Amino acid sequence: MKARVRPGKFTHVVYRTRRFERMIEWYKTVFDAKVQHQNPVLAFLTYDDEHHRFAFANLSLLMPATSKR
C-alpha cells in the first residue's frame, strides 16, 4: 500500500486550473482525498472531517481560451 500524505495543519486552498480532471485525480491519489461535491466548473475535496480542504475551479469553462487571429 502506498503511503498517503495528510498535513496535520492545513485550512484550505483554491486552485484555478485548465487541468481540472487531472488535478482532481492527482489530489485523490496523493492525499487520499474524497470528492465532496463536483460539477463541470467546481470541485471540493477533503481528506478528513472538514467539508473541503481543496477546491478546484475549471478555467476551461470559466475563462475559455480565445483563439488568436
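## A look at Asp32 and its partner

Asp32 pairs up with Lys34 in a salt bridge, and their closest N and O atoms are 3.3 Å apart. To count as a salt bridge, a side-chain nitrogen of Lys or Arg has to lie within 4 Å of a carboxyl oxygen of Asp or Glu. Lys34 is partly exposed too, with a relative accessible area of 48%.

## Where the numbers come from

Keep in mind that this is a predicted model, where local features need pLDDT of at least 70 and side-chain atom pairs count only at pLDDT 80 or more, while totals for chains, interfaces and linings use all residues. Residues are numbered from 1 along each chain as its sequence is written, and side-chain values use heavy atoms, with hydrogens and water left out.

## The overall layout

The protein is built from two helices and four strands. Read from the N terminus, the order goes β-α-β-β-β-α. Here, helices (H or I, at least four residues) and strands (E, at least two) are DSSP runs, numbered from the N terminus.

How much of the protein is buried? Of its 69 residues, 26% count as buried. The accessible surface comes to about 5,400 Å², and carbon and sulfur atoms account for 55% of that. Those areas come from the Shrake-Rupley method with a 1.4 Å probe; for residues, only the protein chains shown count as cover.

What about links along the chain? Take the contacts (heavy atoms within 4.5 Å) between residues at least 6 apart in sequence: 41% of them join residues at least 24 apart.

## The other salt bridges

Searching the whole structure turns up three salt bridges. Besides the Asp32 and Lys34 pair, there's one between Glu25 and Lys28, again with the closest N and O atoms 3.3 Å apart. Both residues sit in helix α1 (residues 20-31), and because they are three residues apart there, about one helical turn separates them. Glu25 is partly exposed at 40% relative accessibility, and Lys28 is partly exposed at 30%.

Then there's Asp48 with Arg53, whose side chains meet in a salt bridge at 2.7 Å, N to O. Is each partner buried or exposed, or something in between? Asp48 is partly exposed, with a relative accessible area of 32%, whereas Arg53 counts as buried at 11% relative accessibility.

Methods
Buried < 20%, exposed > 50% of the residue type's maximum accessible area, 1.4 Å probe, protein only.
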